[in-house]
Amino acid sequence: MANDRSKSLFEKAKQFIPGGVNSPVRAFRAVGGNPLFMKSAKGAYLYDEDGNTYIDLINSWGPMILGHAHPSVEEAVKAALVGSPSFGAPTAREVEMAELICSIMPSVEKVRMVNSGTEATMSAIRVARGYTGRDKIIKMEGCYHGHGDSFLIAAGSGALTFGTPDSPGVTKGTAKDTLIAPFNSLDAVDKLITENKNEIAAIILEPVVGNMGCVPPQPGYLQGLRSLCDKHSIVLIFDEVMTGFRLAPGGAQELYGVKPDLSTMGKIIGGGLPVGAYGGRKEIMDYISPAGPIYQAGTLSGNPLAMAAGMAMLKHLQANPGIYQHINQITTKLVDGLRRQIAAAGLKYTINQVGSMFTLFFTETVVTDFDTAKTSDTQKFAAYFQSMLAQGIYMAPSQYEAMFISNAISNDEVNAILKASEEALRHTRN
Ligand code: PMP
């Protein structure tokens, strides 16, 4: 496929934007080649600056559950544009949005809107620290919670892709308060709690990890964390930026029946516009200013356009619960097809799937945590990725990411993806 225009845009971008992109994983560094510059999208399809068409398996890294340019979201944004795009004063939409989120997320009694997932997680741990009067947090290796200083320690996603899970610029003082445990190990968490008695404010994790590739919690893991937090008065935070409103309306906490004390939400509740939120038990949330002493603020928080887009999407999901059935079933169909292809070719790979999230890992090791995810052959992934891309399938450009299926994907797209994959697997033979 020709990509001259993307190439020249990237060259120009590198002169004015660090690395030519506004978020690292977009740079295609892990898979080679230059990133594609997108022009528009509709439903399941992306259209780039060179006029190529792709089936989208990223969906803006999660939020486009309904597919791109869904009419209900587009109309809501257009309607919200009549008036000012920002007031810096409360609006009725924010109240409606807060009520909607509280009615959908099982553990959320009060919620504060922010502008990104990063802001949501940074604010949530500040609240946990202020509420408990303790400094340390436990984070799981390979989980990504945005680029707040406390989280860039053994971080997943782009940090892992670029081999910088511990970023320069994070002070030793901050890093020492983030304790790390392998995902899926209750023993490791128990040990850290014992070694740091009465010092742990919060345990934060992605209840289903997306950021080292898709890694589900093992049976009893989330329940075990809940019990440990109860026993030691630790705030349990589920980062549902990717899983909320996707794995079930009420996210992973609904799917697995475990209630965290605080939840962080992100891009999904903006329907594609920049939004984040954190919420949870009233007793904790009322520590936030101006109800309480913990400061957190935002000029554009609760922005009318973002609220309108997010609300339109959440309401559409609420009114059409069959969407969850569709995205889960169509993902299973795709994953089953991939498994059949791989078995028929006598290859050994691992696929993890939870609902409409999945990752094909280029390893035969069962992937349950960061160490097992890292056994993947990233060169094989790159070869597979490039072949898929050349055939019009747009996957996340790193082994350590999940793919997200939208409601716009139908049997036709699944068949096209499988056809391309058959060819791509020939390029990744053992
Ligand atoms: N938490 C999780 C689980 C995420 O996946 C992400 C981003 N992918 C974030 C937090 C950060 O969100 P944002 O990029 O909107 O700051």
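## The loop that holds Lys 267

Lys 267 sits in the loop between β9 (262-265) and β10 (276-280), where strands (E, at least two residues) and helices (H or I, at least four) are DSSP runs numbered from the N terminus. This is a predicted model, in which local features need pLDDT of at least 70 and side-chain atom pairs count only at pLDDT 80 or more, while totals for chains, interfaces and linings use all residues. Residues are numbered from 1 along each chain as its sequence is written.

Is Lys 267 buried or exposed? Lys 267 counts as buried because it has 22 C-beta neighbours inside 10 Å; a residue is called buried if 20 or more other C-beta atoms lie within 10 Å of its own, exposed if 12 or fewer, and partly exposed in between, with C-beta atoms placed from the backbone. Not counting residues up to four places away in sequence, Lys 267 touches Ser 60, Trp 61, Gly 62, Pro 63, Gly 117, Val 241 and Val 275, a contact meaning that the C-beta atoms of two residues, placed from the backbone, lie within 7 Å. The unreviewed UniProt entry places the feature "modified residue: N6-(pyridoxal phosphate)lysine" at Lys 267; such positions are given in the numbering used here, feature names are shortened, and annotations may be inferred rather than shown by experiment.

## The shell around the ligand

The ligand is surrounded by 18 residues, and the closest are Ser 116, Gly 117, Thr 118, Gly 146 and Val 241; a residue is near a molecule or strand if its C-beta atom, placed from the backbone, lies within 6 Å of it. Helix α4 (residues 117-132) gives the most to this shell, with three residues. The shell is made up of four nonpolar, 11 polar and three charged residues, where Ala, Val, Leu, Ile, Met, Phe, Trp, Tyr, Cys and Pro count as nonpolar, Asp, Glu, Lys and Arg as charged, and the others, Gly among them, as polar.

## Two packed helices

Helix α3 (residues 92-104) packs against helix α11 (residues 304-319) at an angle of about 35 degrees, with their axes 10 Å apart; the axes are lines fitted to C-alpha atoms, for helices over the stretch in contact, and angles run from 0 to 180 degrees between N-to-C directions. Residues of the contact include Leu 100 and Ile 104 in α3, and Met 311 and Leu 314 in α11. The residues of this contact divide into eight nonpolar, one polar and three charged.

## Two buried residues

Trp 61, one of the residues that Lys 267 touches, lies in the loop between β3 (53-56) and α2 (71-81), and Trp 61 is buried because 23 other C-beta atoms lie within 10 Å.

Arg 112 lies in strand β4 (residues 110-114), and Arg 112 also counts as buried, with 23 C-beta neighbours inside 10 Å. Leaving aside its neighbours within four places in sequence, Arg 112 is in contact with Ala 277, Tyr 278, Gly 279, Ile 288 and Gln 296.

## Backbone details in the loops

Ser 289 and Pro 290 are joined by a cis peptide bond, with omega of about 5 degrees, and Pro 290 lies in the loop between α10 (282-285) and α11.

Ala 69 has a positive phi of about 50 degrees although it is not a glycine, and its place is in the loop between β3 and α2. Ala 69 is partly exposed, with 15 other C-beta atoms within 10 Å. Ala 154, likewise not a glycine, has a positive phi of about 50 degrees; Ala 154 lies in the loop between β5 (136-140) and α5 (158-161) and counts as buried, with 21 C-beta neighbours inside 10 Å.
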